[in-house]
Structure formats: C-alpha cells, structure tokens
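Here is a short briefing on one protein chain. Look over the sequence and the structure first, then read the notes below.

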Amino acid sequence: MTRRCIMVFIYQWEKSEPKYLLLKRNQKLGGYWQPVTGFIEESEKNREAALREIGEETGLESYVRLIDINHVFYFEMHGIPYSVSVLAMEVVDPPAISISSEHTDHQWLPYQEARRTLYWDNNVAILDKLNNQLGPAALRADKTD
C-alpha cells in the first residue's frame with residue numbers, strides 16, 4: 001500500500017522577492033535541509049495534513065493563502081511506495097518559528113540560495129516550479145514591502 005505524504009513550501013515576500021522557509025532535519029533523520037514534510041493521516045485531505053504538519057513543525061498558524069501547485073511525485077524506500085503531494089503557503093510577517101524535535105534549525109532563503117541548500121533533487125525541481133508559478137511580485141497577496 002502506498003504511503004501518502006505532504007510537502008509544503010512556506011514563503012514570504014521581502015522586497016519583491018519570495019523567501020522560502022527551509023528546515024534542517026536532525027542528524028538521526030538525515031541532517032539535510034527541506035521544506036515542511038510529513039505523512040497524511042488516513043482520514044485527512046491534503047490541506048488538513050498540510051496545516052497540521054505546518055503547525056507541528058513550525059508553530060505557524062496564520063497564513064495569507066494555501067496553494068495547491070498541482071505536483072505529486074513518487075518514490076520507494078525500503079520496499080514501501082510513497083506519494084508526495086506538494087502545496088505552498090504564503091505568510092506575511094510570520095511570528096518566530098518554533099521548530100519541532102525533528103529539526104535543529106531553520107532559515108528564510110531567497111530562491112537561488114534555497115535551490116543550493118535543498119538536499120533532494122526533487123525538492124529543487126518543485127521549488128523551480130513554484131518560483132515560476134509565483135511570477136512577478138505584482139501578483140502577490142501582500143503588495144507592501
């Protein structure tokens with residue numbers, strides 16, 4: 001049976017540029033940088049899982065919008081198939097991030113730096129897709145810098 005997972009790229013606009021929140025997993029979990037990720041519980045929809053995981057991993061509760069970027073990818077680990085649905089969340093003036101025990105650090109990074117920091121190639125490909133979908137700063141929800 002395929003395990004369903006959720007991945008959420010959280011971003012905020014700073015001087016007409018999106019900055020992406022990346023979390024560093026603790027050493028027992030690989031020690032690499034990635035966006036919010038987690039399992040979707042049996043009864044959850046993608047949006048519900050995303051909001052739960054965001055709360056658990058960052059403490060964030062408020063947001064401007066939650067976007068389904070229409071991207072799903074698949075992988076297999078230890079003989080178990082996984083499907084990962086990807087969403088993005090825009091925040092404005094977020095409070096301090098409160099990371100979970102799964103993580104040791106976090107940082108808000110501009111696009112190119114986030115690309116260089118992400119560990120998995122599929123995470124980079126998704127970030128590229130999201131950054132292209134966000135388009136010009138004129139389309140963002142918060143029009144002030």
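Among contacts in the protein between residues at least 6 apart in sequence, what percentage join residues at least 24 apart? The figure is 70%, where contact means heavy atoms within 4.5 Å. This is a predicted model: local features need pLDDT of at least 70, side-chain atom pairs count only at pLDDT 80 or more, and totals for chains, interfaces and linings use all residues. Residues are numbered from 1 along each chain as its sequence is written, and side-chain values use heavy atoms, with hydrogens and water left out.

**Overall fold**

- The protein has 3 helices and 7 strands. Helices (H or I, at least four residues) and strands (E, at least two) are DSSP runs, numbered from the N terminus.
- Along the sequence the pattern reads β-β-β-β-α-β-β-β-α-α.
- The radius of gyration is 15 Å, which agrees with the value near 15 Å for a compact globule of 145 residues. That radius is taken over C-alpha atoms, and the globule rule is 2.2 Å times the number of residues to the power 0.38.
- The C-alpha trace spans about 45 × 30 × 25 Å along its principal axes.
- Of the 145 residues, 45% are buried. Buried means under 20% relative accessible area, exposed over 50%, and partly exposed in between (1.4 Å probe, protein chains only).

**Nonpolar cores**

- In soluble globular proteins, nonpolar side chains tend to be buried together.
- A nonpolar core here is a set of buried Ala, Val, Leu, Ile, Met, Phe, Trp, Tyr and Cys residues joined through side-chain atoms within 4.5 Å.
- The largest nonpolar core has 23 residues, and Phe9 and Tyr20 touch the most other members. At least two residues of this core come from each of β1 (3–14), β2 (17–25), β5 (65–77), β6 (80–90), α2 (111–117) and α3 (121–134).
- Another core lies apart from it, with 16 residues, among them Ile6, Ile10, Ala49 and Ile97.
- Which residues does Tyr20 touch, not counting those up to four places away in sequence? They are Ile10, Tyr11, Gln107, Trp108, Leu109, Tyr111, Ala114, Leu127, Leu130, Asn131 and Leu134.

**Helix α3**

- α3 has 14 residues and reaches 20 Å from its first C-alpha to its last. That is close to the 20 Å expected at 1.5 Å a residue, taken as 1.5 Å times one less than the number of residues.
- Its buried residues are Asn123, Val124, Ile126, Leu127, Asp128, Leu130, Asn131 and Leu134.
- These buried residues of α3 pack against β1, β2, β3 (33–34), β5, β6 and α2.

**The loop between β1 and β2**

- Lys15 sits in the loop between β1 and β2. Its phi is positive, near 50 degrees, in a residue other than glycine.
- Lys15 counts as exposed because its relative accessibility is 69%.
- Ser16 is found in the loop between β1 and β2. Its phi is also positive, at about 65 degrees, although Ser16 is not a glycine.
- Ser16 has a relative accessible area of 43%, so it is partly exposed.

**Ser85 in β6**

- Ser85 lies in strand β6. Is Ser85 buried or exposed? Its relative accessible area is 13%, so Ser85 is buried.
- The side chains of Ser85 and Asn46 are joined by a polar contact of 3.4 Å. A polar contact is a pair of N or O atoms within 3.5 Å; within protein, one must be able to donate a hydrogen and the other to accept it, and residues adjacent in sequence count only if both atoms are side-chain atoms.
- Not counting residues up to four places away in sequence, Ser85 touches Cys5, Ile6, Met7, Asn46, His71 and Val72.

- Thr104 is in strand β7 (residues 103–110). Thr104 is partly exposed, with a relative accessible area of 49%.
- Leaving aside neighbours within four places in sequence, Thr104 contacts Lys24, Arg25, Asn26 and Ile99.
- Thr104 and Asn70 are 34 residues apart in sequence and 30 Å apart in space, C-alpha to C-alpha.
- Lys45 is in the loop between β4 (36–39) and α1 (46–58). At 60% relative accessibility, Lys45 is exposed.
- Lys45 and Ile6 are 39 residues apart along the chain, with their C-alpha atoms separated by 9.8 Å.
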